[in-house]
Amino acid sequence: MDDSVWKLLRRVLQRIPASRVQAVLTKWDHLSRRQLQSLNFAQSRQQLWENVIALCQENGMTMKHVTELDLIYRIEYPDQGNWQVYQLCDPKDEVLSSGLIEFRQQFKTHLKELINHVSIKIKKHDDEAVWIRIAWGDNYTKPNHFKPTYVVHYLQTPYVFLSGVSVKHRPLLYEALVLAAQYESIKDIHLSGRCFTSLRDLLMLKQTFPAHHPRPLQDRNPPNSADEDPNIQNEHEKQVEDALQIASEAFGDGPLPRLQTAVYKLETKFKDPENGLLSNRQEPFKGVVKFSSSSLLDSLSYAVTSGIASAPVTPLLSSITRKGRNYFLITDKGPGVSANTPGPKI
């Protein structure tokens, strides 16, 4: 085992939670049952790593085996790094659906035609997602396995999730994806975040917006006092019920996808009859508003139900879930992504 393989193996092992090391190594399936049974998973992490590395050296593990372990770990723990979502556009007429074997072969072939030194590992997950790990080199250097790109594509959908891809390699990756999936182009749908599962759910599971709140109001907001004026109590219940209904219609009910940010870029003409200096300018007024939270949709929903935010909810906020994006360009034509917003096309 050469030094680079040893370093990458150690890095991957350090990232796996102690409680999951045995399960991940079992799924990896490159250590025998006897070797796994010889490991003491209750000992210190440092000693466990050294014992696992020793067994890997004994088995003559190569970079190919270690990158497979890294991909398994990433599939098990996808909610890390920053993910950006893209959509494949204009499927070719003769395409019905692309199978894994065909997609795998086409993707590897096309990408290796574009760049000489590249390492590609592809694995299909239980939920039908195709996970791809790419280590990039160039025409003169070997692939750098310490800065890989991760790609997730559900073959029956046009959506592609990317993480860790540099500006330099984006055109190559776009072209390989478009050709392998047999589409005409690919575009950025302006949805990004650190929680892969939330981005996936927002797009793939079709977040629903119930017409009525599913649980009785009394279950959530019991009266504070039996002596409270019935009229005041009824008015309070009505206000809270309306707020819950509005929040449910805008953001959905139950656990919400965890987004960290929403960005609104403003490019509109300044309109104020009392400020002729700015109103007469031909250039649009520009500004950026960014909302940040560990769980933005939960925060926005709470702001509505608690009365912090006024109702009804502005379409600028409800469009996050309804349109499945968290970056918006606001022009004089209204909120959304401008028709001339550039997107990667092949």
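Reader: How are H1 and H4 set to each other, oblique or roughly parallel?

Author: This is a predicted model. Angles under 35 degrees count as roughly parallel, over 145 as roughly antiparallel, and 65 to 115 as roughly perpendicular; the rest are oblique. H1 and H4 are therefore oblique to each other. Helix H1 covers residues 3-15 and helix H4 residues 45-58. They pack at an angle of about 140 degrees, with axes 10 Å apart.

Reader: Which residues make the contact?

Author: H1 brings Trp-6, Leu-9, Arg-10, Leu-13 and Gln-14. H4 brings Arg-45, Gln-46, Trp-49, Val-52, Ile-53, Cys-56 and Gln-57. By class, that gives 7 nonpolar, 3 polar and 2 charged residues.

Reader: Which hand does the crossing of H1 and H4 have?

Author: The crossing is right-handed.

Reader: And how do H12 and H13 cross?

Author: Read the angle first. Helix H12 (residues 296-305) and helix H13 (residues 315-323) cross at roughly 135 degrees. Their axes come within 12 Å. H12 and H13 are therefore oblique to each other. Here the crossing is left-handed. Leu-296, Leu-297 and Leu-300 of H12 meet Leu-317, Ile-320 and Thr-321 of H13. That contact has 5 nonpolar residues, 1 polar and no charged.

Reader: How many cavities of 30 Å³ or more does a search of the whole structure find?

Author: A cavity is space where a 1.4 Å probe fits but cannot get out. The search finds 1 of 30 Å³ or more. The largest cavity has a volume of about 40 Å³.

Reader: What lines the largest cavity?

Author: Phe-270, Leu-278, Arg-281, Glu-283, Pro-284 and Phe-285. The lining has 4 nonpolar residues, no polar and 2 charged.

Terms used:
Residues are numbered from 1 along each chain as its sequence is written. This is a predicted model: local features need pLDDT of at least 70, side-chain atom pairs count only at pLDDT 80 or more; totals for chains, interfaces and linings use all residues. Side-chain values use heavy atoms; hydrogens and water are left out. Axes are lines fitted to C-alpha atoms, for helices over the stretch in contact, and angles run from 0 to 180 degrees between N-to-C directions. Helices (H or I, at least four residues) and strands (E, at least two) are DSSP runs, numbered from the N terminus. A crossing is left-handed if the near helix is turned anticlockwise from the far one by less than a right angle, and right-handed if clockwise. Contact means heavy atoms within 4.5 Å. Ala, Val, Leu, Ile, Met, Phe, Trp, Tyr, Cys and Pro count as nonpolar, Asp, Glu, Lys and Arg as charged, and the others, Gly among them, as polar. On a 1 Å grid over the protein atoms alone, a cavity is a set of points where a 1.4 Å probe fits but cannot get out, and a pocket is an open set with protein on both sides within 12 Å along at least five of seven lines; lining residues have an atom within 4 Å of a point. Grid points are joined across faces, edges and corners, and a volume is the space filled by probe spheres set on the points.
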